[in-house]
Amino acid sequence: MFRKMRRAKQALDEEECIDILIKEPRGVLAVLGDDDYPYAVPLSHVYSDGKIYFHGTIKDSHKRDAIEKHEKVSYCVMDKGTKSESWWYTFKSVIVFGKMRTIEDRDAKIEKLTQLGNKFFPSEKETKDEIDRLLDVTELYEITIDHMSGKMVEEK
């Protein structure tokens with residue numbers, strides 16, 4: 001169903017892929033957007049319980065409209081990479097294919113938004129304050145992973 005990586009020697013194992021999803025703060029979500037044009041948007045995420053979570057607005061959301069029509073998505077995350085003393089640049093990336101949905105259960109929504117907020121806000125109090133203030137206008141999205149692959153690239 002999913003293509004094999006052409007350059008298998010550059011493949012990352014599942015543990016390395018998950019480590020990138022946990023550590024890196026952002027990725028790019030790709031959905032099938034309006035008039036079947038691809039729509040790719042950078043997002044902040046949290047990886048938890050084998051799934052990827054991020055938030056958005058409830059009102060006039062391109063993401064929400066897209067997944068209501070077509071739940072299949074792709075999400076790509078890159079690490080910061082390293083540059084050697086020469087011109088070489090090495091980075092790792094992960095591409096996830098999965099199905100995306102919104103989380104409606106209030107308790108589950110608060111739990112995952114708390115995990116997401118704690119990844120980015122300086123304190124748990126700030127996370128709680130933001131959730132209390134914005135919960136009713138915030139959408140929580142979940143990607144269930146169907147396939148994941150990772151790759152290390154050395155640009156020479």
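**Starting from one phenylalanine**

Mentor: Strands here (E, at least two residues) and helices (H or I, at least four) are DSSP runs, numbered from the N terminus. Keep in mind that this is a predicted model: local features need pLDDT of at least 70, side-chain atom pairs count only at pLDDT 80 or more, and totals for chains, interfaces and linings use all residues. Residues are numbered from 1 along each chain as its sequence is written, and side-chain values use heavy atoms, with hydrogens and water left out.

Trainee: Okay. Is Phe97 buried, exposed or partly exposed?

Mentor: Phe97 is partly exposed, at a relative accessible area of 32%. Buried means under 20% relative accessible area, exposed means over 50%, and partly exposed is in between (1.4 Å probe, protein chains only).

Trainee: And what is Phe97 in contact with?

Mentor: Skipping neighbours within four places in sequence, Phe97 is in contact with Phe2, Val73, Ser74, Thr144, Ile145, Asp146 and His147. Contact means heavy atoms within 4.5 Å.

Trainee: Which strand does E8 pair with, and over how many bridges?

Mentor: E6 and E8 (residues 89-102) pair in the antiparallel sense over 7 bridges. Two strands pair if DSSP finds at least two bridges between them. In that pairing, Val73 stands opposite Gly98 in E8. E6 also pairs with strand E2 (residues 26-32), again in the antiparallel sense, over 3 bridges. There, Val28 stands opposite Cys76 in E6.

Trainee: Switching topic: how many aromatic pairs are there?

Mentor: A search of the whole structure finds 3 aromatic pairs. The rule is that rings of Phe, Tyr and Trp (its six-membered ring) pair if their centres lie within 6.5 Å; planes under 30 degrees apart count as stacked, over 60 as edge-to-face and the rest as tilted. For Phe54 and Tyr75, the ring centres are 6.1 Å apart and the planes sit at 15 degrees, so that pair is stacked. Phe54 is in strand E5 (residues 51-57) and Tyr75 in strand E6 (residues 72-78), so the pair ties together parts that are 21 residues apart in sequence.

Trainee: How are the rings of Phe54 and Tyr141 arranged?

Mentor: Their centres are 5.5 Å apart and their planes at 25 degrees, so Phe54 and Tyr141 are stacked as well. With Phe54 in strand E5 and Tyr141 in strand E9 (residues 138-155), the pair ties together parts that are 87 residues apart in sequence. Ring pairs link Phe54, Tyr75 and Tyr141 into a cluster.

Trainee: What polar contact does the side chain of Tyr141 make?

Mentor: The Tyr141 side chain makes a polar contact with the side chain of Ser61, at 3.2 Å. A polar contact is a pair of N or O atoms within 3.5 Å; within protein, one must be able to donate a hydrogen and the other to accept it, and residues adjacent in sequence count only if both atoms are side-chain atoms.

Trainee: Now the core. Which residues have the most contacts inside the largest one?

Mentor: That nonpolar core has 21 residues, and those with the most contacts inside it are Leu29, Ile52, Phe54, Tyr75, Met100 and Ile143. A nonpolar core is a set of buried Ala, Val, Leu, Ile, Met, Phe, Trp, Tyr and Cys residues joined through side-chain atoms within 4.5 Å. Elements giving two or more residues to this core include helix H1 (14-23), strand E3 (38-44) and helix H2 (62-69). There's also a second, separate core of 8 residues, which includes Val46, Ile103, Leu116 and Leu135.

Trainee: What about Lys112, is that buried or exposed?

Mentor: Lys112 is buried, with a relative accessible area of 7%. Its place is in helix H3 (residues 106-120). Not counting residues up to four places away in sequence, Lys112 touches Val46, Ser48, Asp49, Tyr53 and Leu140.

Trainee: Last one: how many helices and strands does the protein chain have?

Mentor: The protein chain has 4 helices and 9 strands. Of its 156 residues, 35% count as buried.
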